There are 2 protein chains.
Amino acid sequence: MSAEQITGSINSPTPLRVGVLGFGGLGQAAARVLAPKREMIWVAAADQKGYAYAAQGLDPDASIAIYQTQGTLGYLEPTGTLSSQSIQDLMERAKPVDGYFLALPNLPNTFMASIARQFIQSGWQGVLVDALKRTSAVEQLLELQEELLAAGITYLTGCGATPGLLTAAAALAAQSYAEIHSVKITFGVGIANWEAYRATIREDIAHLPGYDVERARAMSDAEVEALLDQTNGILALENMEHADDVMLELAGICPRDRVTVGGVVDTRNPKKPLSTNVQVTGRTFEGKISTHTFTLGDETSMAANVCGPAFGYLKAGVALHRRGIYGLFTAAEVMPQFVK
Amino acid sequence: MSAEQITGSINSPTPLRVGVLGFGGLGQAAARVLAPKREMIWVAAADQKGYAYAAQGLDPDASIAIYQTQGTLGYLEPTGTLSSQSIQDLMERAKPVDGYFLALPNLPNTFMASIARQFIQSGWQGVLVDALKRTSAVEQLLELQEELLAAGITYLTGCGATPGLLTAAAALAAQSYAEIHSVKITFGVGIANWEAYRATIREDIAHLPGYDVERARAMSDAEVEALLDQTNGILALENMEHADDVMLELAGICPRDRVTVGGVVDTRNPKKPLSTNVQVTGRTFEGKISTHTFTLGDETSMAANVCGPAFGYLKAGVALHRRGIYGLFTAAEVMPQFVK
């Protein structure tokens, strides 16, 4: 009997068939993360103008090259298809996909919930994982709980870095305490080429005073560049609307107003301006006040800290789905499984 | 709809009925941890000479006072019963218990597995949680997987601090990496009064060169005191046989020989000699080597870091049990739930 059989983890005779929706910086990183995995095979992807599906697996190098030179996976030979409703078309064609990572920029803020509704309506059953950031976006998904249950879809939300890995670490750290006083998430991100993460940077800009999602989305690259020139490439973000708050509240750990998220993004330097960490402060049953800290290694990229957990949650989601456990879950409720 | 209903967490109309087996330092701390909880009620306990069961709840102060003055809960009025087979008697009498925390010293090393067998044979169905330390002890439980499944028991093993909280943190931290190179757990424990943790200290001594479980168990208090006099009260432990290794191997994270556990116990000072931490080093999908670190606050006691997670896993175990998910799980596979 193998270790996985013993412990009840999933143990597929064949790799899990995984799709990636969205093929910007995050989607492309996801393809590279999946490439060496034995337990998962990357079979489907979609961008705004097209999609590709191949039961035997898609090639990351060829896919990224096509997207970067021609702007869409629709031109990928022989499996690409141009489509102005690429996600809808892929859903209809690619039923034999076990789970999707939704690596889509959530612009507008209702976009991910609308994608979830499309999956519900399509009749497809499987696992969906997102790396949503905003509280309001996760709240929209909470409203779909009954529909997801009825549709036989297991949806795991907030499964990136923060929310995601750091939220789960906070949920774990909370275990030592009788009461949680504060959860403080501080992230540092360093990227040398913000142009590779256009959507992500605009989502960060949307958190700055005087900006919102719509205004940030409408900025041209030149306008983003001009803003970054003013700040020497630094985006300093405080009291961000991050779904870590609602996720920890839902998990019963503390009221959402005790959760704060802030960070510094350096768009001109791959070195992180500070070490990303979460600090969980609480009172133990003996009345002591203390703080547990989970700190990410500086050499780990945003892509590694988002895509790794996302697929770990997807694997855990498949285990839930195979047991008939559907509906909405957050990263704070489920232990991700390591994908080999 | 409440948050718990939305997210699928357990939402009991009545508190979970919890038992604690073993009433030394750890069992007494467990009673104190449970006392303020609304979601759990402490209804059953057993020590070597007796047991107590009260459906409306046991009183921690009275129970601890009786145990400390008279040596057994069997003298507790009106619910205590003297018994030379206290655990067996409690099992037969206390069927309406949702879950037990096995706060028993695992001496001899086969003891916990023998307790699990007693539960299997008793016909009781529910959740068992242990805070076992040794690899070989967890391996004995792995052999009971089929019997636990058939008996309708959900058993979560290694759910204390290490293994437990730190193992789960390592499983989480691993998500950022394509390959794990090492998991290094280093704990610091400071206790002012080792006499309150006689069994735990003997388990630590058993890890020292020249000692084993049998020899440590056979030591008189005077012999322990003499040993501690030689080391100025410090126990420095390296390459300990700790089940974090088999648990992370079972979770598919890395081969067990990449997991090391060591620490320093100061038996004469409540201040920790160093901050307990786990360091997870790996390679990301981009080929970067880095280390995530999870560090426990120095003010948190061993009791808080063991009992808190143990009941968090017990709550998560009840959610599994109610879905008909039985068998053996480790702390690295399940996200503990926060107990209010």
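This is a predicted model: local features need pLDDT of at least 70, side-chain atom pairs count only at pLDDT 80 or more; totals for chains, interfaces and linings use all residues.
Local features need pLDDT of at least 70, side-chain atom pairs count only at pLDDT 80 or more, and totals for chains, interfaces and linings use all residues. Residues are numbered from 1 along each chain as its sequence is written, chains are lettered from A in the order in which they are written, and side-chain values use heavy atoms, without hydrogens and water.

**View 1. The contact between chain A and chain B.** Each side is counted by contact (heavy atoms within 4.5 Å): 65 residues come from chain A and 65 residues from chain B. The two chains bury about 5,200 Å² between them, 63% of it on carbon and sulfur atoms. Buried area is the accessible area (1.4 Å probe) that two parts lose on being put together, summed over both. Gln175(A), Met335(A) and Phe338(A) supply 16% of the area that chain A buries against chain B, more than any other three residues.

**View 2. Strand 12 of chain A beside strand 12 of chain B.** The two strands pair in the antiparallel sense over three bridges. Strands are DSSP runs (E, at least two residues), numbered from the N terminus, and two strands pair if DSSP finds at least two bridges between them. Thr295(A) has Thr293(B) as its bridge partner.

Conventions
Helices (H or I, at least four residues) and strands (E, at least two) are DSSP runs, numbered from the N terminus.
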